[in-house]
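Subject: Structure for your files

Hello,

Here is the structure I said I would pass on. My notes on it follow below.

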Amino acid sequence: MKAERPLLPPALASARDQARARWRGLAPRERLLVGGAATLIALALVWMVAIQPAWRSLDQTPAQLDAVELQLQHMQRLANESRELRGLPKVQPSQAEAALRGATERLGANAKLTITGDRATLSLSGISGEALVAWLGEVRSAARARPEEAKLSRGAGGYSGTVVLSLPRAG
């Protein structure tokens, strides 16, 4: 008993029959060459679709994991620093203002501080990046001031612009 073949649309059945007739008409040597070419094409497709993308992923994964680990460590350091700052005793507005003025004086004549209520505005010109980072760190830890807005531009002489800070409230 013959197994029934699934019915194909007439166009596909005709093409299949033509391909079989052509295959039977090939010499054994030609069949071997066509079979070898088909095998090479199949191997190339398997390589391009399945193996190469997986291989690339395996190759790139360690570097991506290292980058993500560095980001995680940085975020954990920031979270720890945030917890430490929250745990510090509150600073009175007068102490915060004094700490802010002291930190600004260390920037020199190129920095001017204006305090209005619970906001402070630093106008600066030609300040180095290292000095600005140190000032922000000192202001954040000693005065408990939070940067709210910064409009800075970098030039040949350093950073210029304004930084608006929010000072701690009495309480």
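Strands β3 and β4 pair in an antiparallel manner, with nine bridges between them. The two strands make a hairpin, and two residues lie between them. Within this pair, Pro147 stands opposite Leu165 of β4. Please keep in mind that this is a predicted model.

The pair belongs to an open sheet of four strands, ordered β1-β2-β4-β3 and paired antiparallel. β1 (111-116) and β3 (146-155) are at the edges with a single partner strand each, so one side of each has no neighbour in the sheet. On average, neighbouring strands here are turned by 10° against each other, direction ignored.

The other two pairings are as follows. β2 (residues 119-127) is joined to β1 by six bridges, in the antiparallel sense; here Thr114 has Thr121 in β2 as its bridge partner. β2 also runs antiparallel to β4, with seven bridges, and Leu124 stands opposite Gly161 in β4.

Helix α3 (residues 93-105) lies across β1, β2 and β4 (158-166), and runs at about 165° to β1.

Is Trp55 buried or exposed? Its relative accessible area is 55%, and the cut-off for exposed is over 50%, so Trp55 counts as exposed.

Regards

Methods:
Residues numbered from 1 in each chain as written. Predicted model: local features only at pLDDT ≥ 70, side-chain atom pairs only at ≥ 80, totals over all residues. Heavy atoms only, no water. Pairing = 2+ DSSP bridges. Axes fitted to C-alpha atoms, helices over the stretch in contact; angles between N-to-C directions. Contact = heavy atoms within 4.5 Å. Buried < 20%, exposed > 50% of the residue type's maximum accessible area, 1.4 Å probe, protein only.
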